[in-house]
Amino acid sequence: MLKRLLSISILLLPAVTLANDSAHEYRLENGLKIIVHEDHRAPVVVSQIWYKVGSSYEHDGITGVSHVLEHMMFKGTKKHAPGEFSRIIAENGGSENAFTSLDYTAYFQRLEKSRLPIAFELEADRMRGLLLPEEEFHKERQVVIEERRTRTEDKPTAMTYEQFRATAFTASPYRMPVIGWMNDLESMEVEDLRAWYQRWYAPNNATLVVAGDVVPEEVYALAKQHFGPLKPSDLKPLKPRIEPEQLGIRRINVKLPARQPYLLMGYKAPVLNTTEADWEPYALEVLAGILDGGDSARLANTLVRGSQIAASAGAGYGLYDRLSDLFLFDGIPAEGQSVEAVEQGLREQIEKIKNEPVGADEMKRVKAQVVAAAVYERDSIFYQAMQIGTLETIGLGWKHLDEYVERVRSITPAAGSSVAKNI
């Protein structure tokens, strides 16, 4: 359950080791950063544009504007009518889509390598030339409202997760849902999108990531041709929105019609961008694997198959965010069991990992899982580009990819227990 709610984080776990000599970095005079990753195993290419703007850049009253704008990016420019972007990509045998998260909005195309100029022409055109017609906005806003009803309001676990984050954070913009609050969506105007687009959709706020069977210098020349003429924006730094110290437990009961009760628990946790000890996020990553790294992990072994108080139990953490986030636990009671019993079981496991050193075999298993997953995921050109774009956009830099596996391998049982004591 928790893994579906943390779908973006799961995309980032674990990371791929990426050799520095297979990636090349450029920057145009207008500020656009370009990263090209060579992978010549097949004649295909993935092109992604990442904008440094997501729901954590928004404020009350316009929540969801980043996501609504993502929808509107397919609704036409002076050169291309609404829907033409997708039609052209499809006619050239490609696929395309987009996604919005807490910290970024990204657009991508998968194509045969000779079709890359088409993707660049279309993306450059809509980076500064979007029309944002009011009639299309009203239709698309309604689409997003229905999306919110379907994906959040009609799903008790998703609704609980949204309420949970809004309670966990007081000042951090991570308290706001990516899709936006319903009232903000209903009162949103096309002028909100126009201001957002003009401010953030500029070459000096974007990273172009290209991965696949390409020659880096040729990609750079092509990018310069299409994106080079675009004007940058006057970007001002965001004001800090620091989460105040939490002084005690916050607890809410979300009452919704549901077949089964559901428990969600979270603890404030640093990420690589915010930690004072750079090993700590990797230790938290290992800790999540010890607790919830498959059927042999502790939560499944003790609470689901052992005591059988839970139908499911999980833990989750992501180290790649712009701001500090949460280390999460969740669980669904088994038949005849209660939410209180599941909470007690989770708390007992937390105390155990705090007070008893993690075994060498257990630590070895988790690290082996990380390395194996990294090897398998190197097969995905899209995933490689995804990780590069994410790290660049949250401010860490793509070269952090090379550190992941070795940093995870360096975590000791004592380090795992040490971070557990902060939970």
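Reply: In contact across the boundary between the domains (heavy atoms within 4.5 Å) are 33 residues of domain 1 and 26 residues of domain 2. The model is predicted: local features need pLDDT of at least 70 and side-chain atom pairs count only at pLDDT 80 or more, while totals for chains, interfaces and linings use all residues. Residues are numbered from 1 along each chain as its sequence is written, and side-chain values use heavy atoms, with hydrogens and water left out.

Domain 1 spans 23-228 and domain 2 spans 263-422, with bounds that come from an automatic or database domain assignment. Their C-alpha centres are 29 Å apart. Between them the two domains bury about 2,600 Å², of which 67% is on carbon and sulfur atoms; buried area is the accessible area (1.4 Å probe) that two parts lose on being put together, summed over both. On the side of domain 1, Trp-50, Phe-164 and Tyr-174 supply 19% of the area buried against domain 2, more than any other three residues.

Charged side chains also meet. A salt bridge places a side-chain nitrogen of Lys or Arg within 4 Å of a carboxyl oxygen of Asp or Glu, and three salt bridges are counted between domain 1 and domain 2. Elsewhere in the account of charged pairs, Arg-322 and Asp-103 form a salt bridge through their side chains, at 3.5 Å from N to O.
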